[in-house]
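Welcome, and thanks for taking a look at this model with me.

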Amino acid sequence: MRKIKIFDTTLRDGEQSPGVNLNYTEKLEIARQLERLGVDVIEAGFPAASPGDAASVKEIASIVKGCSVTGLARSTQNDMDIAWDSLRVSDEPRLHVFIATSPIHRQYKLRMTKEEVVENAVQSVKYAASKFPVVQWSAEDASRTELDYLAFIVEKVIQAGAKIINIPDTVGNTTPIEYAGIFKYLKENVPSIDKVQLSTHCHDDLGMATANSLAAVLAGATQVEGTFNGIGERAGNTALEEVILALYTRKDHYNAGTDIVLNEIKRTSDLISRLTGMVVPGNKAVIGNNAYVHESGIHQDGVLKEKTTYEIINPELVGFNVNNMFLGKHSGRHAFKTRLEELGLEVTEEEMKKLFITFKELADKKKEMTDDDLVALVLEEKLSKNESFFDLKSIQIQYGTNQVPTATVTLSGRDNEMIQEAGTGAGSIEAIYNTLEKSIGEEVKLLDYRIQSVGAGRDALAQVFVKIKYKETESSGRGLAQDVLEASAKAYLNAVNRVIYLKDRESVSI
């Protein structure tokens, strides 16, 4: 079977999803999980976009060793120099450089002729190849580019040193037959095509990203780019979990496979969902919570007699934990630590001490702590430990149908000073946020608020996601608690603390 490489762009294209703003620690956590999953390439970011992005890419490139790390660059020497500084620490520095090739992009965005685009592409690839051992070149909006011109420029960049050619369906405009036709045309009309790998990168504007990517595989592509959960700009990117499982389940048809550790797929999906705040729909293929639930009596009867009557994927194959292990208030430190290790959660001894105390406190209130609870607990500790300038000490809410909701909060500030304020609002959440804004002493604008449960049952943990604007900076935050109101307050403060942390880092770097 042909080996299909998986190129994950969750940390670059995925982060361009509206409302998603990952910090350095979150990006590193996702990168480590992608490494455990076994992806071939991680696109860690766009180094020239900001000093923070460059620093994150550099850190990921220095830590991740189980797969290649790359970064995106426009066809400018400055972009490529910044990318080189971030990526040269990796085991195999590789660059992803692009330029638009379609008529509409040439005319309205680039304002360049065909010849000028070719010259720019060739010069940028030559410059990149003088630094990077592996250069991937992308023809942005390739699916709307004249085929003869696309073949011409692809040949030129191969001669200039490109080793991977990516053919993106940038606006999700094409169809499987059309997209496969582009790859077939290139294989027949580019003399040096056998010297390179062909890659597919699709967007889901018309709901065909997965189908288009698989059509490209059948037409000769050996690398698929996308994101987990299909997140990304506009309607998102190719959902990698769908492509991976399609290749695995229908290997008889595609005669191709990947090196992905399949039972890490669900954990990867859950982590990305939690950190981005983008909830996975229950009916999402492969990783949705309803993907293996059978409601129809006829279906239930069939599955009880023989699973494969209505179930083509074993849920445990992709990491759904059917036999969820429970820990309770009587569980000891050893059992707690062992379960974290079994879940692949890496924590330091210092983190373990704090986590076990928090675990015991929650276990006194909840009858059972599920694996989902443990994962959420660990992420909460790991991702907020450097961002605790304002810390929630206590919160009290007065609410009644015939009275104005009132909140009283006590915080510790940056210099450990105690801050206590009270405020009102139209509802409990507004009362809390109005009071927190008074405590902070500056305007904080709430842009988004979402809530979801971790697990099920009356005692399920609440996880709140917020997006705010503070000090002219947009920031997201998460809060976890058994009480919805406490989780809401924590999420708000987490978002504020991130801005303070970011501003402090910027002042140090200056």
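This is a predicted model: local features need pLDDT of at least 70, side-chain atom pairs count only at pLDDT 80 or more; totals for chains, interfaces and linings use all residues.

Two strands count as paired if DSSP finds at least two bridges between them. Helices (H or I, at least four residues) and strands (E, at least two) are DSSP runs, numbered from the N terminus. With that in hand, strand E2 (residues 5–8) and strand E9 (residues 223–226) pair in the parallel sense over four bridges.

Residues are numbered from 1 along each chain as its sequence is written, and side-chain values use heavy atoms, with hydrogens and water left out.

**The barrel and its helices**

Which strands close into a barrel, and in what order? Eight strands do so, in the order E2-E3-E4-E5-E6-E7-E8-E9, with parallel pairing. From one strand to the next, the twist averages 25 degrees; such angles run from 0 to 180 degrees between N-to-C directions, and axes are lines fitted to C-alpha atoms, for helices over the stretch in contact.

Helix H3 (residues 77–87) packs on the sheet, where it touches strand E4 (68–74) and strand E5 (94–100). Contact here means heavy atoms within 4.5 Å. The direction of H3 makes about 165 degrees with that of E4. Helix H4 (residues 103–110), in turn, lies across E5 and strand E6 (134–140) and runs at about 85 degrees to E5.

The UniProt record, in an unreviewed entry, places the feature "domain: Pyruvate carboxyltransferase" at residues 4–266; its positions are given in the numbering used here, feature names are shortened, and annotations may be inferred rather than shown by experiment. Over residues 4–266 the chain is 44% helix and 18% strand, and the end C-alpha atoms lie 20 Å apart.

**H1 against H11**

Helix H1 (residues 24–37) packs with helix H11 (residues 265–276) at an angle of about 170 degrees, their axes 10 Å apart. H1 is therefore roughly antiparallel to H11 (angles under 35 degrees count as roughly parallel, over 145 as roughly antiparallel, 65 to 115 as roughly perpendicular and the rest as oblique). On the H1 side, the residues taking part include Ile30, Leu34 and Leu37, and H11 contributes Leu271, Ile272 and Leu275 among others.

**Individual residues**

Buried means under 20% relative accessible area, exposed over 50%, and partly exposed in between (1.4 Å probe, protein chains only).

| Residue | Relative accessibility | Class |
|---|---|---|
| Phe7 | 1% | buried |
| Thr9 | 0% | buried |
| Asn255 | 45% | partly exposed |
| Glu472 | 71% | exposed |

Phe7 lies in strand E2. Phe7 and Val69 are 62 residues apart in sequence and 9.6 Å apart in space, C-alpha to C-alpha.

Thr9 has its place in the loop between E2 and H1. Leaving aside neighbours within four places in sequence, Thr9 is in contact with Gly14, Glu43, His201, Gly226, Thr227 and Asn237.

Asn255 sits in the loop between helix H10 (251–254) and strand E10 (256–257), and its phi is near 50 degrees, a positive value in a residue other than glycine. Glu472 belongs to the loop between strand E15 (461–470) and strand E16 (473–481), with phi near 60 degrees, again positive in a residue other than glycine.
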